[in-house]
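Visitor: Let's go through this one together, and please tell me what stands behind each word you use.

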Amino acid sequence: CRWIFGEIFTMKINYQKKLDRLIAYHQSKGEVPTLLLHSCCAPCSSYCIEYLSNYFKITVLYFNPNIGEKSEYLKRRDEQKKLISKMKTKYEVKFIDGDYNPQDFYDAVQGFENEPERGKRCAICFALRLNYTGKVAEQIGADYFATTLTLSPLKNAHLINEIGKNIKCKSQYLCTDFKKKEGYKRSIELSKEFELYRQNYCGCIFSKRNRK
């Protein structure tokens, strides 16, 4: 797996329309493809699972070595498992707990510790998590892999999708922009419905420092 790191210029691509066309194609064939969905947290995954589980057989991968505190990591992981156990979906949703080694994140972003939020450090973090997701998707034979990261209004969906598209593996990266169709608003509603813990920072110590 590889990714291209550099400046990503702004492009107006309607990823939701592309996803709609892909879903329509599989439905016309009577197919229900498999999807490995990387989840950053339960609240963000809530809308993504509700929406995508009507068209895909989903396995949720919780892989977030950027979360610095183990107690925080475990709390978010357990919220993810709780959500999956309580949500009623058309197709069964499975769960994989990824490797947790924060040192992988620190090694990857070394030299970029003082980057601002949404800067190069975040791009490296996205690539770290998406590369791992691509490898797992290939291992389990998933047709597609995707990430819930594009739901957040604070994250650049185009950047995330460009990184994902350049990961080389047998599973195909699924471009998304879950903010469309009021996805973020729906995730807030679902978080309240399932009483999910909603964190106020991405998880890394640098984000937490900036919040303070």
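Predicted model: local features only at pLDDT ≥ 70, side-chain atom pairs only at ≥ 80, totals over all residues.

Visitor: What makes the link between the side chains of Arg121 and Glu117 a polar contact?

Guide: A polar contact is a pair of N or O atoms within 3.5 Å; within protein, one must be able to donate a hydrogen and the other to accept it, and residues adjacent in sequence count only if both atoms are side-chain atoms. The side chains of Arg121 and Glu117 come to 2.9 Å, and that pair passes. Residues are numbered from 1 along each chain as its sequence is written, and side-chain values use heavy atoms, with hydrogens and water left out.

Visitor: Why is Arg121 called buried?

Guide: Buried means under 20% relative accessible area, exposed means over 50%, and partly exposed is in between (1.4 Å probe, protein chains only). Arg121 has 2%, so it is buried. Its place is in helix α5, residues 120–140. Helices here are DSSP runs of H or I with at least four residues, strands are runs of E with at least two, and both are numbered from the N terminus.

Visitor: And what makes Arg118 count as exposed?

Guide: Arg118 has 55% relative accessibility, so it goes into the exposed class. Arg118 is found in the loop between α4 (102–108) and α5. It has a phi near 75°, a positive value in a residue other than glycine.

Visitor: Which other residue has a positive phi although it is not a glycine?

Guide: Glu195, with a phi of about 55°. Glu195 lies in the loop between α7 and α8 (205–211), and at 64% relative accessibility it counts as exposed.

Visitor: How do you know that α1 has the span a helix should have?

Guide: The expected span is 1.5 Å times one less than the number of residues. For the 14 residues of α1 (15–28) that should give 20 Å, and the end C-alpha atoms are 20 Å apart, so the two agree.

Visitor: Which residues of α1 are buried?

Guide: Tyr15, Gln16, Leu19, Leu22, Ile23 and His26. They cover an arc of only 120° around the axis, which puts them on the same side of α1; the arc is that of the directions from the helix axis to the C-beta atoms. An α-helix has 3.6 residues a turn, so residues three or four places apart point the same way. On the other side of α1, Lys17, Arg21 and Ser28 are exposed.

Visitor: What do the buried residues of α1 pack against?

Guide: They pack against α2 (42–52), β4 (144–147) and α6 (157–165), where contact means heavy atoms within 4.5 Å. At the start of α1, a side-chain oxygen of Asn14 reaches to within 3.2 Å of the backbone nitrogen of Gln16.

Visitor: What makes β3 and β5 edge strands?

Guide: The open sheet has five strands in the order β3-β2-β1-β4-β5, with parallel pairing. β3 (94–97) and β5 (172–173) each have a single partner strand, so one side of each is left without a neighbour in the sheet.

Visitor: How do you know that β1 and β2 are joined?

Guide: Two strands pair if DSSP finds at least two bridges between them. β1 (34–39) and β2 (57–62) have six bridges and run parallel. His38 stands opposite Leu61, while the bridge partner of Ser39 is Tyr62.

Visitor: Why is β1 called largely enclosed?

Guide: Five of its six residues are buried, so the rest of the structure largely encloses β1. His38, which lies in that strand, is at 0% relative accessibility and counts as buried. The contacts of His38, leaving aside neighbours within four places in sequence, include Arg129, Thr133 and Ala146. A polar atom of the His38 side chain lies 3.0 Å from the backbone oxygen of Phe63, and the side chain also makes a polar contact of 3.3 Å with that of Asn64.
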